[in-house]
Amino acid sequence: RGVVVTRVDPGSAAAAAGLEPGTLILQVNREPVRDAEQFRRAVEQSPGKRALLLIRRDGAQQFLVLSW
């Protein structure tokens, strides 16, 4: 489960947060996400234009903060 990042635009909020193609996003603000639509809605509803993401990359999980 989760959402796989397929593209990150240079200079974008996603790039600044450290997202890379192939990263699996598991949670937004500690809520699981299962598809791109659910991810989009969760980010849009995040307070203060910031979202806490739980990701998995290279077999390890970590938190990133996405700010826009």
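**Figure 1. Ala60 in strand 5 of the predicted model.** Ala60 has its place in strand 5 of a chain whose structure is a predicted model. With a relative accessible area of 39%, Ala60 is partly exposed, because that value falls between the 20% limit for buried residues and the 50% limit for exposed ones.

**Figure 2. Overall fold of the chain.** The chain comprises 2 helices and 5 strands. Read along the sequence, these elements follow the pattern β-α-β-β-α-β-β. The radius of gyration is 11 Å, close to the 11 Å given by the globule rule for 68 residues, so the chain is as compact as a globular protein of that length. The C-alpha trace spans about 30 × 25 × 20 Å along its principal axes. Among contacts with a separation of 6 or more, 38% are accounted for by residues 24 or more positions apart.

**Figure 3. The largest nonpolar core.** This core contains 16 residues, of which Leu19, Ile25, Val28, Val33, Phe39 and Leu53 touch the most other members. Two or more residues each are contributed by strand 2 (24–28), helix 2 (36–44), strand 4 (50–57) and strand 5 (60–67). In soluble globular proteins, nonpolar side chains tend to be buried together. Across the chain, 34% of the 68 residues count as buried.

**Figure 4. Surroundings of Val28.** Val28 is among the core residues that touch the most other members. When neighbours within four places in sequence are left aside, the contacts of Val28 are Val33, Phe39, Ala42, Val43, Ser46, Ala51, Leu52 and Leu53.

**Figure 5. Trp68 after strand 5.** Trp68 lies in the segment that follows strand 5. Its relative accessibility is 41%, and Trp68 therefore counts as partly exposed. Apart from neighbours within four places in sequence, Trp68 is in contact with Ala13, Val43, Ser46, Lys49, Arg50 and Ala51. The C-alpha atom of Trp68 is separated by 13 Å from that of Leu53, a residue 15 positions away along the chain.

**Figure 6. Surface and charges of the chain.** The accessible surface of the chain comes to about 4,400 Å², and carbon and sulfur atoms hold 49% of this area. The chain carries 10 positive and 7 negative charges, whose mean positions are 4 Å apart.

How values were computed:
Residues are numbered from 1 along each chain as its sequence is written. This is a predicted model: local features need pLDDT of at least 70, side-chain atom pairs count only at pLDDT 80 or more; totals for chains, interfaces and linings use all residues. Side-chain values use heavy atoms; hydrogens and water are left out. Helices (H or I, at least four residues) and strands (E, at least two) are DSSP runs, numbered from the N terminus. The radius of gyration is taken over C-alpha atoms; the globule rule is 2.2 Å times the number of residues to the power 0.38. Buried means under 20% relative accessible area, exposed over 50%, partly exposed in between (1.4 Å probe, protein chains only). Contact means heavy atoms within 4.5 Å. Accessible areas come from the Shrake-Rupley method with a 1.4 Å probe; for residues, only the protein chains shown count as cover. Lys and Arg count as positive and Asp and Glu as negative; His and the chain ends are not counted. The place of a charge is taken as NZ of Lys, CZ of Arg, CG of Asp or CD of Glu. A nonpolar core is a set of buried Ala, Val, Leu, Ile, Met, Phe, Trp, Tyr and Cys residues joined through side-chain atoms within 4.5 Å.
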